[in-house]
Structures are given as structure tokens and as C-alpha cells.
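Here's a quick briefing to read alongside the sequence and the model. It goes through the fold, the confidence and the pocket in turn.

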Amino acid sequence: MGDSPVASPRVKKRVHLVFRSDLVQKPITWEMSKKFDIIFNVRRAKITEKTGESVLELEGEAATLDAAIAWLKSEGVHVDPVTHDALES
């Protein structure tokens, strides 16, 4: 029997995303979930023809979440961490 790899613990992060008008029609959240081994839960979203905002809870290995967030930024999405629970009200 060989050693099995030790999985890194999964963590959760909440992020606030703002999409520019040219990104509103793109399935960026779906693309992120296909590129990275993460689970996302939409906590809140507001999409119009000109802009989009969403609050997501992301779950996965810490390094994978960091890579997914970096990828979102590289695609032109503005990403801020959510540091309070006012979104639940």
C-alpha cells in the first residue's frame, strides 16, 4: 500500500463581483466553475443590460480559490471580498 495524497482542507470565501457591460452576457461564473475545482453558491445577484453584480460563496482548496479569483480579475471582473454578513438580511 502506498501513501495516498493528503487533500488540502476546503475553505469558503464570499466575494462581491461587478461585471462591466461587455461582460454581462458572458457565462463567466460557469466558466470559472469549469476551469477550477470549486463549488459556487449565488447568494445575491442583480443583472441589467449595462452592468451585473453578484455575491458568491466559493468553496474549495484555498490555492484553488485564489487562482479562480485571479482568473476572474484577469477576465475583467471587479472582485472584492465580502467581510460582513449584511448580505443575508
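Reading from the N terminus, the elements of the chain run β-α-β-β-α-β. That makes two helices and four strands, where helices (H or I, at least four residues) and strands (E, at least two) are DSSP runs numbered from the N terminus. Keep in mind that this is a predicted model, where local features need pLDDT of at least 70, side-chain atom pairs count only at pLDDT 80 or more, and totals for chains, interfaces and linings use all residues. Residues are numbered from 1 along each chain as its sequence is written, and side-chain values use heavy atoms, with hydrogens and water left out.

**Confidence**
- The chain has a mean pLDDT (the predictor's confidence in each residue, from 0 to 100) of 90, and 89% of its residues reach 70 or more.
- Confidence is highest in helix H2 (residues 62-74), at a mean of 97, and lowest in strand S2 (residues 39-47), at 95.

**Packing**
- Of the chain's 89 residues, 33% count as buried, that is, under 20% relative accessible area (1.4 Å probe, protein chains only).
- Take the contacts (heavy atoms within 4.5 Å) between residues at least 6 apart in sequence: 73% of them join residues at least 24 apart.

**Lining of the largest pocket**
- S2 gives the most to this lining, with four residues.
- By type, the lining residues (an atom within 4 Å of a pocket grid point) divide into 10 nonpolar, two polar and one charged.

Technical notes:
Buried < 20%, exposed > 50% of the residue type's maximum accessible area, 1.4 Å probe, protein only. Nonpolar A, V, L, I, M, F, W, Y, C, P; charged D, E, K, R; others polar.
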